[in-house]
Amino acid sequence: MSIAKLLQRPFSVKRIPGFASIAIFTFFALYAPVIILVVYSFNQGTSLAIWEGFSLVWYQQALQNEAVQSAGLRSLFLASVAATIATTVATMAALATTRKKPFKGQTAVYTLINQPLMVPEIVTAVALLIFFAIIKVATGYQGMGYLIVAHTAFCIPFAYLPIRARLQGMDLSLERAAADLYATPWMTFKRITLPLMAPGIMAGFMLAFVISLDDVVISEFVKTPGQETLPTYMLGQLRRVVTPEVNAISSVLLAISIVFVALFFFLNSRRN
Amino acid sequence: MKHKLLTALSGLALVAGSAAAQAEGQLNIFNWGNYTNPDLITKFEAETGIKVTITDYDSNDTALSKIKAGGHGFDIVVPTHGYVPIFISEGLLMETRPDQMENFKNVSSTWVDVEWDQGRRYTVPWQWGSTGVVVNTKYYKGDINTSAIFMDPPDELKGKINVVPEMGDVMGLAIMYHGGEPCTDDKVLLKKVRDSLVAAKEHWLGMDYGNLEKFAKEDLWAGVNWNGSTFRMRLQNENVAYGYPKEGYILWMDSVAVLADAKNVDEAKAFQNFVMDPENAALISAFARYSNGIDGSEPFMPEDMKTAPEVVVPAEHAGNGKFVLACPPDVQALYTRIWTDLQK
Amino acid sequence: MTTASSSPTRLTAEEVEELARKKDTKNRWLLASPALIIITLFAAGPLLIVVLYSFLTAGDYGNVKWIFSTKGWFSVFLQYDIFDDTLQIADAHLSIFWRSIKLSLLTTVLTAAFGIPTAYFIATRPLSQRNLWLFLITVPFWTNLLVRTIAVMELIRGEGVINNVLLWANVIDQPIQMMFTDFAIAFGMTYVYLPLMVLPVYASIEKLDFRLVEASYDLYANRWKCFRRVILPLVKPGMIAGSILVFVPSLGAYITPRVLGGGKNLMFGNLIELQFGQGRNWPLGAALSISLMVLVMVALLYYVKVSGGDDNEHR
């Protein structure tokens, strides 16, 4: 779809003048740095800002660098697991806290769920460091569990708020109708409530995913030996020299995300 | 869709889990990020059969907090000299007696009886360097071996200065600029230091790390920086020069230590011995671009480092460098207040 | 909702309703409990440690000594002058806090200005395309935050893309200094936090019934009026959720202000970080963070109270 065509749509009640232009500009602005980032991943020199000719040297380097590869894969794994759990429990919580008369203690529930948003990361990080140290000493367990639960906890509000926003003011009449037709509560949920919520769940999951993918401070304090994630690996580089190797890794991640998108749409369109 | 996602996830889980696989003879090193030469580790693994896992930290304080909390699972840490006495007094380090190890003979005599570890009973030199000033000589032709570059900047450089946000180093430089000793609690002097820092900050553009590109591309012209980092800048822009302030500049050394609750003690000791070998020490230097403190490593060093004025301290400046140990808590509290005032 | 009662004893209508309400409350607590348990155990609970630490004495080299002290709390608001020991207000903390609020507000406004039209644009695409557009918003965020911030820097630096384009087009005759300014921080944070605004707003616009918009045209005829009177109230929940998600993390933002703003001035998050790191004053760090948490919580509760009506059933 060309930009011109998007901008010159015939009159429609949906159109608000200027909105499409702002949106196109936003998308453009969103991708401009990404293009720069990808371009520099092909830089021959060691700099992120000085172009010295085309080369694949940083991809070769990244391919040989086990540390950065495993950090990238670990980040993806962590974000997938944490975002999935967080979105599931956040969906349940959103169903419990919207659409009906507020129950006793609902404000408390709301506040608690949003608590991870209210403190700077470093504070949660220090608190978790002390808390997990006790568990580590007592059990000797050093696995991924710590990072997973820590990430899940701070991802919950990011998944919860879009889902809640979706549900707010949404009608109960369809569900009532289904119940009147003797649909079981599960059937009603699966066939009616869930599809209605889907855009909110989708938005919540994507937010939780990128938030987990970008987290640095909590991961830095919670990680056990060998559990480098991409952001903590980057943090370690911050004081020294950041090379286009990281651009190469980021470009690979971008490519993966685009494959994901393509796959998703392929499956979706086949189902329709 | 769901099944495919699950398959993909379990595949990822396998990869993520494999890194933590148990092996015979392993070693968990906790070191500064981007500081350990992968070739050094490959060589160590090939020679000893020990499987090494490297984990990064970004500051001495993060490392100290994590290790002090317990249950960390690391065997080796590489703290800066000022933190070594803290680690020792908190009982976090093991007395491994590197001074009795086979390769100890290679340690330069300068680095044996050091203030933070007399006779090297705990630690082994990793790398050392200095914190001084950086200047782009295209824009400023005057004397660059002075802290006046950032404390009382010449007009040419005003508004193009960056100071690394390293509280201890910057306070130390500023105090020595006013003729004091680092870690002083002389309030008359400290007032002068604070007022002059606040006044100087007007002319600074930033307080940040990782400025290689900004200096190379001349967004920044001067500031406080480390020697090895400045060396890398010069390789990309020949106008960049490193100055050793005559009023006094800061020296530091990072050292390899074994943790008191290490699980792989023999492997850790083997690593301490390993890094004191000249050829291995040269590998360390070739990667992060700082000196290592091991005699006989020079022949193995990269050519461009052998004569670099950032790496080999010119004789006329050698006497002005100072190692600063951790300041007493009440002095540290004063410095934090001044630092906060500076950045408010 | 269950309204039938199989109870053998006869109950009045109120009692039936009361029972049903109790059962409903119980079910809803149950439904919310997994989220609550995870957060209590791994986010809120451990914070009690921080609360405790705020009342202890700072350790000599970080951490705490187990001696009760209110010094941490005292120094949040007040301080003795370093040099003449007079008691004064901790103006450094206040001005850092004030700067953080200002920048976070600016970021929120900017993300809303760009995010709402974008979300609206996505929500008005044909159904089959919406998820694609939504994905396009998040795709850039698969790259690492730091690399992304450095790429933003490449746009706005002295010899960066924007300056070069403007110079080439003769709009300016000299590069504009954008790096290391508050503009750079706000620009960078807007970039980083944009999806946090777009996604919730999208989630609530998407359910908008355009028959309502059509009806409003008949009544108001004017696009702007229609937007304000019809669309805006409907997207309000998403906007508020988005504002919370942008505003609060902005307060603690760390990398963006440093890389783009030059880190000359601290943000509130940096100030707290300083106390837990180089400053070695954990009790003060703890007290500062609890102060921030209480402030945000009060704002949030106020919002819940004000927007409480939205939670009720619509008919």
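C:Arg280 counts as buried because 26 C-beta neighbours lie inside 10 Å; a residue is called buried with 20 or more other C-beta atoms within 10 Å of its own, exposed with 12 or fewer, and partly exposed in between, with C-beta atoms placed from the backbone. C:Arg280 sits in the loop between helix H12 (268–276) and helix H13 (282–307) of chain C, and its phi is near 50°, a positive value in a residue other than glycine. Helices (H or I, at least four residues) and strands (E, at least two) are DSSP runs, numbered from the N terminus.

This is a predicted model, in which local features need pLDDT of at least 70 and side-chain atom pairs count only at pLDDT 80 or more, while totals for chains, interfaces and linings use all residues. Residues are numbered from 1 along each chain as its sequence is written, and chains are lettered from A and ligands numbered from 1 in the order in which they are written.

**Confidence**
- For the complex, the predictor gives an ipTM of 0.83 and a pTM of 0.84.
- Chain C has an average pLDDT of 82, and 93% of its residues score at least 70; pLDDT is the predictor's confidence in each residue, from 0 to 100.
- Residues 1–5 of chain C have pLDDT below 50, and this stretch has eight contacts in the model beyond near neighbours in sequence. Two residues are in contact if their C-beta atoms, placed from the backbone, lie within 7 Å.
- Over residues 309–315 of chain C the pLDDT stays under 50 too, and here the model has 12 contacts beyond four places in sequence.

**Chain C as a whole**
- Chain C holds 13 helices and four strands.
- Its division is into domain 1 (1–34) and domain 2 (91–280), with bounds from an automatic or database domain assignment.
- The C-alpha centres of these two domains of chain C are 45 Å apart.
- The radius of gyration of chain C is 25 Å, whereas a compact globule of 315 residues would have one near 20 Å; the radius is taken over C-alpha atoms, and the globule rule is 2.2 Å times the number of residues to the power 0.38.
- Of the 315 residues in chain C, 47% are buried.

**Where chains B and C meet**
- Chain B gives 30 residues to the contact and chain C gives 27 residues.
- On the side of chain B that touches chain C, the elements giving two or more residues are helix H3 (60–69), helix H7 (187–201), strand E8 (204–206) and helix H13 (329–343).
- H13(B) provides the largest share of that side, 10 residues.
- The residues on this side of chain B are 12 nonpolar, seven polar and 11 charged. Here Ala, Val, Leu, Ile, Met, Phe, Trp, Tyr, Cys and Pro count as nonpolar, Asp, Glu, Lys and Arg as charged, and the others, Gly among them, as polar.

- A:Met234 lies in helix H11 (residues 230–238) of chain A and is buried, with 26 C-beta neighbours inside 10 Å.
- Beyond its neighbours within four places in sequence, A:Met234 is in contact with A:Val246, C:Asn144 and C:Leu146.
- B:Glu218 belongs to the loop between helix H8 (212–216) and strand E9 (222–226) of chain B. B:Glu218 is partly exposed, as 16 other C-beta atoms lie within 10 Å.
- The phi of B:Glu218 is near 65°, a positive value in a residue other than glycine.
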